[in-house]
Amino acid sequence: MTTTLDSPKPSIRRRPGAARGGAPPNVVSVWPKIAWVIVIGFFLCFFVVPILWLLLAPTRTDHDIVVGAPLAFGSFSDLAATWDHVMEFQSGAIITWIGNSAWYSFAGMAIAVITCIPAGYALAMTKFRLRKALLTATLLVMLMPSATLVLPLYLEMDAFGLDGSAWSVILPFALYPFGTYLAYTYYAATVPDNLLDAARIDGANEWQAFVHIGLPLAKPVIALVAFLNFVHSWNQFFLPYVMLPSSGQYPAQVGLSNLLMTSPLFNSATGVSHILRPEIALAALVTSVPVLVVFLFAQRSLVEGMTAGATKG
C-alpha cells in the first residue's frame, strides 16, 4: 500500500502541561489541598490537644500525668478525690471566688450596657459640639492597654473612699469604650436618618427618639456588648489584684493565682499541699464554666449582633 506525500498527518493532542514536561493539572491542583489539610491539622493539634489534656487531667493522679500517656483517661474515683482537694482549699474558697466574679462581672456589664448604648447612639445619630473629640477620646482609650489605667483608677477610687470595696472593681469594669464604639458603628450603619427625621417632625425629642426607635432596634448590639463586657470583666486579673485586699473578695482569676502560689509545683516553700496538676486543671475548668454557660444562652443573639449593621437600612 502506498501513501501520497500530501496526505494529512494524524494530529497528536497533548495534555495541558505535558508539552513542557510539567506535572498533569490534576496533580498540581492537589498540592494546595494537601497544604490546607496540613495547616488546619497543625492548628487543630495546637489548640485542641491542650483542651483535651485539661479535660482529662482531673481524672488522673499527678504521678499518672507525669509518667503516663498525655491524653489517657484516669478514673472517676480520682476525679472525686481531685474535687475534694479543690473544695478543701481554704474551706471552699473557689465557690466564693466564682460568686465574686459573677457579682463583679454582671454588675459591670449592666452599667456598661446602660452607658454604652446611649453614648453610641448620641455619637452616631446626633450633632453636637465636641462630638468628634469625644469619638477620638473613645478610640484612644480603647487602644490603650488596660494595665496602664490601673494606677490612675486606683488613685481615683482611693480619693472617693472606694478602694478595697466591690465598687472599686465594678465601676472600672463598666468603663468599656469598645462597647461604645460598637454601638456607634451599629447605629451609624443600620438606623436610617429619615426614620429619626420623621420622629422629630412628629414632635419627638432626642430622648424619645432613642427610647422608642433607637433602643428597640439595638437588641442585637446590646447582646453583643453585654457578652463581650462580661467576658472582659471575668478574665480581668491585674485590676482586682490591685484593688482588693483580701482573699474573700477575690474574683476567680485572682483566686486561681492564689491557689497556684500554694502549690509545691510553683512554690517550693509551701511544703506539703494537695494542690497539684489535677487540682489546678479542675479549678481552671470550674472557673470557665460560667462563661461557657453565658455563651451557650447568648450565642443566637451574638450571631445577630455580629452580622447586624452590614448594610445601611
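Residues count as buried under 20% relative accessible area, as exposed over 50%, and as partly exposed in between (1.4 Å probe, protein chains only). Helices (H or I, at least four residues) and strands (E, at least two) are DSSP runs, numbered from the N terminus. The structure is a predicted model, in which local features need pLDDT of at least 70 and side-chain atom pairs count only at pLDDT 80 or more, while totals for chains, interfaces and linings use all residues. Residues are numbered from 1 along each chain as its sequence is written, and side-chain values use heavy atoms, with hydrogens and water left out.

The protein chain has 14 helices and zero strands. Its pattern along the sequence is α-α-α-α-α-α-α-α-α-α-α-α-α-α. Of the 313 residues in the protein chain, 32% are buried. Contact means heavy atoms within 4.5 Å. Among contacts in the protein chain with a separation of 6 or more, 71% are between residues 24 or more positions apart.

A nonpolar core is defined as a set of buried Ala, Val, Leu, Ile, Met, Phe, Trp, Tyr and Cys residues joined through side-chain atoms within 4.5 Å. The largest such core holds 60 residues, and Ile117, Tyr187 and Val225 touch the most other members. Helix 4 supplies the largest share of this core, with 15 residues.

Helix 4 spans residues 93–125 and includes Ser101. Ser101 has a relative accessible area of 1% and is therefore buried. Leaving aside residues up to four places away in sequence, Ser101 touches Trp234, Pro251 and Ala252.

Helix 7 (residues 167–174) is mostly covered, with six of its eight residues buried. These buried residues are Ser168, Val169, Ile170, Pro172, Phe173 and Ala174. They pack against helix 4, helix 6 (150–159), helix 11 (219–234) and helix 12 (238–243).

Two packed helices are described by the angle between their axes and the distance between the axes. Axes are lines fitted to C-alpha atoms, for helices over the stretch in contact, and angles run from 0 to 180 degrees between N-to-C directions. Angles under 35 degrees count as roughly parallel, over 145 as roughly antiparallel, 65 to 115 as roughly perpendicular and the rest as oblique. A crossing is left-handed if the near helix is turned anticlockwise from the far one by less than a right angle, and right-handed if clockwise.

The axes of helix 4 and helix 7 cross at roughly 40° and come within 7 Å. The two helices are therefore oblique to each other. The crossing of helix 4 and helix 7 is right-handed. On the helix 4 side, the contact involves Trp103, Tyr104, Ala107, Gly108, Ile111, Ala112 and Thr115; these meet Trp167, Val169, Ile170, Leu171, Phe173 and Ala174 in helix 7. This contact has eleven nonpolar, two polar and no charged residues. In this classification, Ala, Val, Leu, Ile, Met, Phe, Trp, Tyr, Cys and Pro are nonpolar, Asp, Glu, Lys and Arg are charged, and the others, Gly among them, are polar.

Helix 9 (residues 193–201) packs with helix 10 (residues 206–214) at an angle of about 125°, and their axes are 10 Å apart. Helix 9 and helix 10 are therefore oblique to each other. Their crossing is right-handed. Leu195, Leu196, Ala199 and Arg200 in helix 9 meet Glu206, Ala209 and Ile213 in helix 10. The contact of helix 9 with helix 10 comprises five nonpolar, no polar and two charged residues.

Ala218 lies in the loop between helix 10 and helix 11. Ala218 has a relative accessible area of 0% and is therefore buried. Its contacts include Ile117, Tyr186 and Tyr187, not counting residues up to four places away in sequence. Ala218 and Tyr121 are 97 residues apart along the chain, and their C-alpha atoms are separated by 9.4 Å.

Gln90 lies in the loop between helix 3 (76–88) and helix 4. Phi of Gln90 is near 50°, a positive value in a residue other than glycine. The relative accessible area of Gln90 is 40%, so this residue is partly exposed. Leu130 lies in the loop between helix 4 and helix 5 (131–143). Leu130 is not a glycine, yet its phi is positive, at about 65°. Leu130 counts as exposed because its relative accessibility is 63%.
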